Amino acid sequence: MPLKKTFIVSGAQTKFGALEGVTFREMLAEAVDKATIQAGVPKKEIQAVFLGTFNPEMLIHQGHTAPLLLDYAGLRGLPATRHEAACASGAVALRAGIMAIESGLYDTVLVGGVEKMTSVSTNKVTEALAAAADDEFESGVGLTFPGVFALAAVAHMNRYGTTQEDMALVAVKAHKNAASNPLAQFQKEITLEKAMTPKFVAWPLKLFDCSPISDGAAALVLSSDKKAKQYTDTPVKIVGSGQASASMNLSGRSDLTSFEASVAASRSAYKMANLTPKDIDFAVVHDCFTIAEIIATEDIGFFKPGEGAKAVREGITAKDGAKPINPTGGLKAVGHPVGATGVKQAVEVYKELIGAAGANQVPKHNIGLMHNFGGTGATCVVNIMRRADA
Ligand SMILES: CC(C)(COP(=O)(O)OP(=O)(O)OC[C@H]1O[C@@H](n2cnc3c(N)ncnc32)[C@H](O)[C@@H]1OP(=O)(O)O)[C@@H](O)C(=O)NCCC(=O)NCCS
């Protein structure tokens, strides 16, 4: 059954990057101000708040983040919950917001996401991120996230002939798109040669195959059909939403060339929206590593298994290609402040759909899809959005 009445009426993000001197709470407050006051949605209209943050306990020694963040965002007193699903924390917060509107409990809610990662060392961040994998069988014995995605890359290379150069081309595309995105961590194009620099993080993944360590926040406002038009002439309807999980431990998976939670979540979202991959104009997918983008485009059904790399090589996934993927620069070049990412992806789809993506605007923008997964792909959320007048 399609979703009936949830609309995005505003959305915003802070700049992503190493934001020295800007705190966790300040970032979320900035994103909230941009998505409310600056977008014409009075804060007093917000009835509840859903927040995604991954591991502030280890990164900034702060738990119980929802009321803290509300204090600084000028929303004190509202019902607020924190949602955690590793890198999919933002998207599960968004799902909770969607369900709150669909249930009829609220008419206007705020969804936010935030992470502050750069105030500790890379080693400490790696340890904090590793908490998203199975500690007893994987991270506890040394498997890090670059290591996990290196395994997926090797499996894809062995089965389909995907090459290191194919992955590097994803990075070149990401940096090219991010060069015109003022909110991106890396606003600089890179050559294929640079992307292929053999600075190995976990073979075959090199520095430019990885998303960076980032700070940042994003927020959006959801409204019911009763209220949406009060805030904007261009609301965006969420027409399908799917969430799925898979075995936490990679040893429980039969295949590393695909993430089964991505396949299942996208199928649910398509079914709910009564749409197929052919109907989708563009997608924002979870490219925490370049191989993750290639696999995601296959898992969401844009390309057949094994044909994601070919699509990159042929320019099909370029900003002006037939199926643009990550037109603003993806996690790879915009940055990946874990809890903020899923919300930021929804903001990007929203802006593309309403034609407000500036230099990063895709040509055809009636229906867009976001794909956000967590950890080793053990949680995945896919949302499909459509411009209300499309
Ligand atoms: C790849 C990684 C290990 C690099 O960290 P690092 O070695 O500490 O790198 P530094 O911060 O010292 O940066 C060194 C240089 O590389 C650049 N850099 C860092 N990460 C980069 C990335 N991912 N892509 C491109 N450039 C990067 C920095 O800007 C810096 O450039 P400069 O010397 O010109 O200023 C780190 O970014 C990482 O762990 N990424 C993966 C994060 C992750 O797993 N996220 C969860 C996914 S599920």
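On a 1 Å grid over the protein atoms alone, a pocket is an open set of points where a 1.4 Å probe fits, with protein on both sides within 12 Å along at least five of seven lines; its lining residues have an atom within 4 Å of a point. The model is predicted, so local features need pLDDT of at least 70 and side-chain atom pairs count only at pLDDT 80 or more, while totals for chains, interfaces and linings use all residues. Residues are numbered from 1 along each chain as its sequence is written, and side-chain values use heavy atoms, with hydrogens and water left out.

The second largest pocket is lined by residues including Leu169, Lys173, Arg313 and Asp320. Its lining divides into four nonpolar, three polar and five charged residues; Ala, Val, Leu, Ile, Met, Phe, Trp, Tyr, Cys and Pro count as nonpolar, Asp, Glu, Lys and Arg as charged, and the others, Gly among them, as polar.

The lining of the largest pocket, in contrast, has 20 nonpolar, seven polar and one charged residues. The ligand sits in this largest pocket, which requires that more than half of its atoms lie within 2 Å of the grid points.

The shell around the ligand comprises eleven nonpolar, three polar and one charged residues.
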